[in-house]
Amino acid sequence: MDIVSSDDAYTVTIELPGLKKDDVEISVHERVLTVSGEFKPDTSAPPPPTPEGYPIEDTEDEEDPFIDIDNKEKKEKDGFILKERRVGKFKRSIDLPSWVDAEKGIKASMADGVLKIVFTKGPESKAKKVDIL
């Protein structure tokens, strides 16, 4: 999550690769903005089957350099050798400044897995010059 301040707004940017806007929920409750959702496992492309006629070798005595011995049973079940994509629910919350109007002052957009939330600054949030008397 990145939060950037400009003259007129704050912009929160969150990378959510693989998610669509319907997979993400944004809520505001008691001056706390919460972004939540879930990364689901990719089930669209199961590992390819072993080609016919190709012997399946028993590697029980050999150590697989890509697999932790404790996870060998899992590898045989789902075919993965390495899994780095995140899976599971997520939730991030930030406190909102008192001048943010949750009904009008927050806008969100999502494109290419990047969520942007913009808070327009009100007059209370801008710096003021104070004259010395």
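An open sheet of four strands runs in the order β1-β2-β7-β6, with antiparallel pairing. Strands here are DSSP runs of E with at least two residues, helices are runs of H or I with at least four, and both are numbered from the N terminus. Two strands pair if DSSP finds at least two bridges between them. The edge strands are β1 (2-5) and β6 (106-111), each of which pairs on one side only. Neighbouring strands of the sheet are turned by 20 degrees against each other on average, direction ignored. These angles, on a scale from 0 to 180 degrees between N-to-C directions, refer to axes fitted as lines to C-alpha atoms.

The model is predicted: local features need pLDDT of at least 70, side-chain atom pairs count only at pLDDT 80 or more, and totals for chains, interfaces and linings use all residues. Residues are numbered from 1 along each chain as its sequence is written, and side-chain values use heavy atoms, with hydrogens and water left out.

The protein chain has one helix and seven strands. From the N terminus, its elements follow the pattern β-β-β-β-α-β-β-β. Of its 133 residues, 21% count as buried (under 20% relative accessible area; exposed is over 50%, partly exposed in between, with a 1.4 Å probe and protein chains only). The accessible surface, from the Shrake-Rupley method with a 1.4 Å probe, comes to about 11,300 Å². Carbon and sulfur atoms hold 49% of that surface. A contact means heavy atoms within 4.5 Å. Among contacts with a separation of 6 or more, 62% join residues 24 or more positions apart.

Two strand pairs are described next. β6 and β7 (residues 114-120) are antiparallel and share six bridges. Ile 106 has Phe 119 of β7 as its bridge partner. β3 (residues 24-29) and β4 also pair in the antiparallel sense, over six bridges. Here Ser 27 is bridged to Thr 34 in β4. β3 and β4 form a hairpin with two residues between them. In its turn, Glu 30 has a positive phi of about 50 degrees.

The loop between β6 and β7 contains Gly 113. Gly 113 counts as buried because its relative accessibility is 10%. Its C-alpha atom is separated by 4.8 Å from that of Leu 16, 97 residues apart along the chain. Neighbours within four places in sequence aside, Gly 113 is in contact with Ile 14, Glu 15, Leu 16, Pro 17 and Leu 19. With the same exclusion, the contacts of Leu 16 are Val 24, Phe 39, Phe 90, Met 110, Gly 113 and Leu 115.

Leu 16 also belongs to the largest nonpolar core, which has 17 residues. Such a core is a set of buried Ala, Val, Leu, Ile, Met, Phe, Trp, Tyr and Cys residues joined through side-chain atoms within 4.5 Å. The residues with the most contacts inside this core are Leu 16, Leu 33, Val 35, Leu 115, Ile 117 and Phe 119. Two or more core residues come from each of β2 (9-15), β4, β5 and β7.

One aromatic pair is counted. Rings of Phe, Tyr and Trp (its six-membered ring) pair if their centres lie within 6.5 Å; planes under 30 degrees apart are stacked, over 60 edge-to-face, the rest tilted. Phe 39 and Phe 90 form a tilted pair, 5.4 Å centre to centre with 40 degrees between the planes. The pair links β4 (residues 32-39) to β5 (residues 88-95), across 51 residues. Phe 39 is buried at 6% relative accessibility, and Phe 90 is buried at 17%.
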